[in-house]
Amino acid sequence: MLILPLTYVLVTAFGEGIKVFVASVTDYYALKAIGLTLEVTLIAVVVNTIFGIAASWCITRFQFHGKKILSTLIDLPLTISPVIAGLIYILTFGRQSILYEYLRSAGIKMIFAVPGIVVATVFVTFPFISREIIPVLSTLGTDEEEAAALMGANGFTIFRKITFPHIKWALLYGIVLCTARAMGEFGAVSVLSGHLQGKTNTMPLYIELLYQGYDFTGAFAVSAILVLMAVIILVLRSVLEYKGQQAAKAEKGQQEG
C-alpha cells in the first residue's frame with residue numbers, strides 16, 4: 001500500500017533516463033509551479049503560526065464569550081471538503097460578491113490569482129498548529145505564568161521565558177504538519193486557481209495537468225520532487241517528535257528529582 005506506489009513513482013520518473021528527468025523538473029512551467037508552491041506554503045505557515053499561537057493562548061488562558069465558537073471555527077476546515085472551501089471563496093470574492101467592486105477598486109484580484117490560492121491554503125491548514133499547542137498549554141496550567149505576573153513580568157516576557165520553552169516542540173511539530181498539508185493541497189486551490197500555466201499552477205495542479213496530457217514521465221518526475229519534499233518533512237517530524245519526547249522525559253525527571 002505504501003512502498004509499491006512510491007517505488008513506482010520513482011521508477012517511472014527515471015524510466016527514460018536522468019536527462020529526461022532533469023529536463024522535466026527544470027522546465028519553465030515546472031520551476032514556476034515549484035516556486036509558487038514554496039511561496040504559498042511559506043506564507044500559509046507564517047500566517048498560521050501567528051494565528052495558532054494567538055488562538056491557543058486565548059483559548060487556554062482566558063475566559064470570554066464566544067470561546068467555544070472560536071474553538072469550533074478552528075476545527076471547521078477539518079470537516080469541510082477543500083473543494084467546498086474553494087467554492088465558498090469564489091462566492092465570497094467572485095464577481096457576484098458585494099466585495100468584488102471594493103477589491104477591484106483596490107487593485108486586489110483573488111479569483112484565478114495567487115492571493116486567492118494563499119487564502120485557500122491558509123484556510124485548509126490553519127487548525128494544524130493551534131491543535132498541537134492547545135493540549136500542551138492546557139496540561140501546563142497557569143501556575144508558573146501567574147507567579148511571574150505577580151513578580152512584575154509583562155505578558156511578552158512571560159510568554160518568552162515561561163510559555164514558549166514548554167510549547168516549542170509542539171509548535172515545531174505543528175509547523176511541519178502545516179507545511180506538509182500546504183504543499184499537497186489540491187481541492188481548494190484547484191477551484192480558485194483557474195489552472196493558469198506559469199501563474200497559478202502549484203505542483204499538485206501541474207502534475208495533474210501533465211498526467212491529463214499523457215506526459216507520464218513529466219508528471220511522475222515532478223511527483224518525485226513532491227515525494228522527496230514529503231519524505232524530508234516526515235523525517236523532520238520524526239526528529240522533532242523524538243526530541244519533544246526526550247525533553248518531556250528530562251523535564252519530568254527534574255521535577256521528580
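**Entry 1: I167**

I looked up I167 and found it buried, with a relative accessibility of 1%. The cut-off for buried is under 20% relative accessible area, so at 1% I167 counts as buried. I note here that the model is a predicted one. I then asked which helix holds I167. I167 sits in helix α10, which covers residues 155-184.

Next I listed the contacts of I167, leaving out residues up to four places away in sequence. I167 touches I133, V136, L137 and F159. I also checked I167 against L140, which is 27 residues away along the chain. Their C-alpha atoms are separated by 9.3 Å.

**Entry 2: the whole chain**

How many helices and strands does the chain have? I counted 13 helices and zero strands. Reading along the sequence, I therefore wrote down α for each element in the pattern α-α-α-α-α-α-α-α-α-α-α-α-α.

I took the box along the principal axes, and the C-alpha atoms fill roughly 65 × 50 × 30 Å. The chain has 257 residues, of which 38% are buried. For contacts with a separation of 6 or more, I found that 73% join residues 24 or more positions apart.

For charge, I noted 18 positive and 16 negative side chains. The centres of these two sets lie 4 Å apart.

**Entry 3: aromatic pairs**

I searched for ring pairs and found 11 aromatic pairs in the structure. One of them is Y89 with F93, a stacked pair with 5.8 Å centre to centre and 5° between the planes. I found both Y89 and F93 buried.

I then turned to F123 and F126, whose ring centres are 6.1 Å apart. Stacked or edge-to-face? The planes of F123 and F126 stand at 75°, and the cut-off for edge-to-face is over 60 degrees, so I recorded this pair as edge-to-face. F123 is buried, with a relative accessible area of 13%. F126 is buried too, at 15%.

Last, I checked which residues make up the aromatic cluster with these rings. F51, Y89, F93, F123 and F126 form one cluster.

Notes:
Residues numbered from 1 in each chain as written. Predicted model: local features only at pLDDT ≥ 70, side-chain atom pairs only at ≥ 80, totals over all residues. Heavy atoms only, no water. Phe/Tyr/Trp six-rings, centres within 6.5 Å; stacked < 30°, edge-to-face > 60°. Buried < 20%, exposed > 50% of the residue type's maximum accessible area, 1.4 Å probe, protein only. Helix = DSSP H or I, 4+ residues; strand = E, 2+ residues; numbered from the N terminus. Contact = heavy atoms within 4.5 Å. Lys, Arg positive; Asp, Glu negative; His and termini not counted. Charge placed at Lys NZ, Arg CZ, Asp CG, Glu CD.
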